[in-house]
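Subject: Structure handover

Hello,

Here is the structure for your files. My notes on it follow below.

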Amino acid sequence: MNQPLLEVEDLKITFESSTGTVEAVRDFDLTIYPGQSVAIVGESGSGKSTAAMSMLGLLPGTGKVINGSIKLDGEELVNLDKKGWQKYRGSHIGLVPQDPMSNLNPVWRIGTQVEESLRANNVVKGSEMHSRVVELLEEAGLPDAERRAKQYPHEFSGGMRQRALIAIGLAARPKLLIADEPTSALDVTVQKKILDHLDSLTTELGTAVLLITHDLGLAAERADFVVVMHRGRIVEKGPSLQILRNPQHPYTKRLVKAAPSLASARIQSAHDQGLESAERVTANVASSDNVIEVRDLVKEFDVRGARGDKKVLRAVDDVSFDLRRGSTLALVGESGSGKSTVANMVLNLLEPTSGTVLYEGRDTSQLSSKELFEMRRNVQVVFQNPYGSLDPMFSIYRCIEEPLKLHKIGDRKSRENRVAELLDMVQMPRSAMRRYPNELSGGQRQRIAIARAMALNPEVLVLDEAVSALDVLVQNQIIKLLAEMQEELKLSYLFITHDLAVVRQTADDIVVMKQGAIVEQGSADRIFDSPQEEYTQNLINSVPGLNIELGTGEELGIELES
């Protein structure tokens, strides 16, 4: 144990760009011992993935290591040629990449892709290949592995694809596994299963793990040691709980404060002590009038069965709830629970098979096209993916102005003023008007999407996983922004999400869905304090870092807002 497995010293990595040389990573030092788990945390662009990829000789584009040393078992890796790297990749250092859809070959069967990693590292004799592939997939937690090996990536869910990547990463029994945001796109329950599985597998095999994540709660729960990166440099490192409970660097303090799971843990402990939560901004709901009422909603789809025969899939099964004016209702559940389908019916984008959606007491299915157009003005939506929901050919000005034009509001000059106001509201510089979506980061795009949704002064915002693709710091800013807007403009939010940590910070009421039906609903405090259903308990217990004992704000060096 005393001999380090990996030693990185004084690492400096640069990229060449049109404007000159960019230093992506500098003064980077890291030591990992056999069997140890280490997490690198930081927001997007902090250099954490770049540092990790240099350990595999996989720097993208013009990236190169111009200074420092990377040693594995005492052997220097920095100046290896292509053949030299092949000896280490897979068999000494394995990788579980971030996005399972783009990292699996869509035209190869899953089994073939696992087989390829065994072949590349000469691990198994040809005759034993098939049985070894099935064994590895079983080991990664895929049931019915024999049949699954013959399937293609598109036939797998996100969680299953991630398991296949874990099987590939561990196929050649590496001494070190680099897991780059291995669960960022997954539901909390699936995420927990996969991380538990990865933990037990790596412990069994004695593999050291380098986990790259932007979620501090996750890092603290899963790693012994945490390294915090900011703008290409390490700003703080140490045992994970020590860093969490007593962050020294201002940036680490900001990260601890912004991590949704930890903010939720703070709300929970404040609540348990009978204090009014420090972070949560609850809209003052004076009366119990409902802006949207959903009654006995059912949605069925015709699907083809295994033999091409017609079957009916009940995606939404008898769902009823009320959205109180000026409050936030969270619709929570795993992928496939039917929550987005419900949202689409509330927005009148999907026709219910049966049941009704009432907006301001009126059945939306009975509205004339003119009345529906008017309702659309008052009920706006912010989608999950800011990359797909803004037209890449439109400037930011046109993206935000479009709804105003469509609803024939104001003349050119007044529309221009309104767009400027909206950019101020979402805390974006007015100069952004002339830019295009591809010039903005994910968080900035999501702000533009919110500005566009707010253009017509709606009463209701439907937020479909609106913060799930964002870094914790950006996520925290957007959540705050939404809370401020709600307070000021008395907005009502229908929040669709699988992230319970975010729900703890934002929701007044919660509806928990599973396989199309509601399993539990009630106030946020009641559901977090005493969940009645096992399914809800599992969802809450799966939030990474929610069960970590945190000190008070003073111990954390954080000023909690009153």
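For the chain, the mean pLDDT is 85, with 92% of residues at 70 or more. Residues 275-287 have pLDDT below 50 and 30 contacts in the model beyond near neighbours in sequence. Where pLDDT is low, the predicted coordinates should not be read in detail.

This is a predicted model: local features need pLDDT of at least 70, side-chain atom pairs count only at pLDDT 80 or more, and totals for chains, interfaces and linings use all residues. Residues are numbered from 1 along each chain as its sequence is written, and side-chain values use heavy atoms, with hydrogens and water left out.

Threonine 14 lies in strand β1 (residues 6-17); strands are DSSP runs (E, at least two residues) and helices are runs of H or I, at least four residues, both numbered from the N terminus. Threonine 14 counts as buried because its relative accessibility is 5% (buried means under 20% relative accessible area, exposed over 50%, partly exposed in between, with a 1.4 Å probe and protein chains only). Leaving out residues up to four places away in sequence, threonine 14 touches Thr21, Val22, Glu23, Ala24, Thr62, Gly63, Lys64 and Ile66. Its C-alpha atom is 58 Å from that of arginine 295, which is 281 residues away along the chain.

Regards

How values were computed: pLDDT = per-residue confidence, 0-100. Contact = heavy atoms within 4.5 Å.
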